[in-house]
Amino acid sequence: MLVMKRKIWETIGNSIVVGELSRGCELCMKGEKLVLFITGLCGAKCFYCPLSEDRKNVDVMYANEVRIKSIKEAIKEAELMNANGTGITGGDPLMVLDRTLEAIKRLKEHFGYEHHIHLYTNAILLTLNNALKLKKSGLDELRIHPTREEDWAKVAIAKKAGLFVGIEIPVIPGEINILKRKLRLAEKLQVDFVNLNELEFTPSNSLNLRIRGFRLKKESLAAGEGSEEEALKIIRWAADRTNLNVHYCPSKLKDSVQFRNRIKRIAKKIAKKYEKVTDDGLLLKGVIEW
């Protein structure tokens with residue numbers, strides 16, 4: 001296979017890409033997507049799982065950090081921000097497949113077919129039948145985080161179902177050769193894109209990371225030391241050695257770009273004529289008292 005050296009470019013969110021950026025990521029960094037946490041249940045046991053203790057392995061739902069009890073409430077939160085799409089996450093959404101399918105269908109029915117929906121899963125429960133159901137429901141992107149060797153075969157299943165499939169994995173410092181092998185496998189399986197996430201420290205996974213020798217990056221509250229450096233090496237390698245679309249997403253993008261843009265979007269939606277939206281998404285107004 002002939003591979004030509006390709007251009008590496010920077011997004012509006014200061015993330016790094018070689019090839020094309022997925023539509024889901026493009027909308028996310030603009031703050032245009034509802035984040036629908038559909039369950040905390042999960043069959044994987046990743047030592048780096050960033051979920052908080054009140055979500056991990058608990059069947060709860062949140063829409064943009066607001067606790068909800070129904071898909072109807074999720075739609076209301078999406079309306080509040082004029083969402084152009086939804087990212088469905090967990091846990092593993094396939095643990096509550098019927099609820100997940102209902103969410104996709106109802107969001108599409110309410111906002112229209114152009115409402116872009118992507119979904120994250122470890123694919124442990126992905127079968128051809130489930131993949132076909134996701135396709136029929138209107139899912140636009142399936143993002144798979146393989147946690148076991150056997151789950152890489154699920155990528156082929158998703159592709160067979162006609163889904164637009166990406167691989168999403170954290171960059172673990174010291175595992176650059178393992179990561180290269182995974183990208184080679186992803187290319188062989190003809191995935192549509194690969195997302196590399198910076199290793200992230202949270203209160204719930206901090207101990208697990210530290211006992212394995214990982215440390216926080218200096219002057220950062222979340223990023224793992226060495227993760228970004230290895231991600232950039234992989235990006236350069238992918239540009240020279242593969243035809244993959246690869247996106248490196250730093251941890252700061254979620255808070256300093258994605259979350260802020262989403263808050264600003266909501267603020268603009270609810271602001272009164274006498275209120276001004278600040279760069280941080282706050283509503284500023286003057287009050288005269290006498």
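**Figure 1. Tyr 48 is a buried residue with a relative accessible area of 18%.** The structure shown is a predicted model. Because the threshold for burial is under 20%, Tyr 48 is classed as buried, whereas Phe 47, at 22% relative accessibility, counts as partly exposed. The rings of Phe 47 and Tyr 48 form an edge-to-face pair, with 5.0 Å from centre to centre and 75 degrees between the planes. Ring pairs also bring in Phe 214, giving a cluster of Phe 47, Tyr 48 and Phe 214.

**Figure 2. Tyr 48 also belongs to the lining of the second largest pocket.** This pocket has a volume of about 280 Å³. Its lining comprises 18 residues, of which Tyr 48, Pro 146, Glu 175, Ile 178 and Lys 182 are the closest to the centre. Strand β9 (165-171) and helix α6 (176-188) each supply at least two lining residues, and α6 gives the most, with 4. By class, the lining has 11 nonpolar, 2 polar and 5 charged residues.

**Figure 3. Phe 37 and Tyr 62 form an aromatic pair between strands β3 and β4.** The count of aromatic pairs in the model comes to 4. In this one, the ring centres lie 6.2 Å apart and the planes meet at 70 degrees, so the pair is edge-to-face. Phe 37 lies in β3 (residues 33-39) and Tyr 62 in β4 (residues 61-63); the contact therefore ties together parts 25 residues apart in sequence. Phe 37 is buried at 4% relative accessibility, as is Tyr 62 at 11%.

**Figure 4. Charged side chains lie over the rings of Tyr 62 and Tyr 113.** Arg 55 is placed over the face of Tyr 62, at 3.9 Å from the ring centre. The charged end of Lys 108 sits over the ring of Tyr 113, 4.7 Å from its centre.

How values were computed. Residues are numbered from 1 along each chain as its sequence is written. This is a predicted model: local features need pLDDT of at least 70, side-chain atom pairs count only at pLDDT 80 or more; totals for chains, interfaces and linings use all residues. Side-chain values use heavy atoms; hydrogens and water are left out. On a 1 Å grid over the protein atoms alone, a cavity is a set of points where a 1.4 Å probe fits but cannot get out, and a pocket is an open set with protein on both sides within 12 Å along at least five of seven lines; lining residues have an atom within 4 Å of a point. Grid points are joined across faces, edges and corners, and a volume is the space filled by probe spheres set on the points. Ala, Val, Leu, Ile, Met, Phe, Trp, Tyr, Cys and Pro count as nonpolar, Asp, Glu, Lys and Arg as charged, and the others, Gly among them, as polar. Rings of Phe, Tyr and Trp (its six-membered ring) pair if their centres lie within 6.5 Å; planes under 30 degrees apart count as stacked, over 60 as edge-to-face and the rest as tilted. Buried means under 20% relative accessible area, exposed over 50%, partly exposed in between (1.4 Å probe, protein chains only). A charge sits over a ring if NZ of Lys or CZ of Arg is within 6 Å of the ring centre and within 35 degrees of the ring normal.
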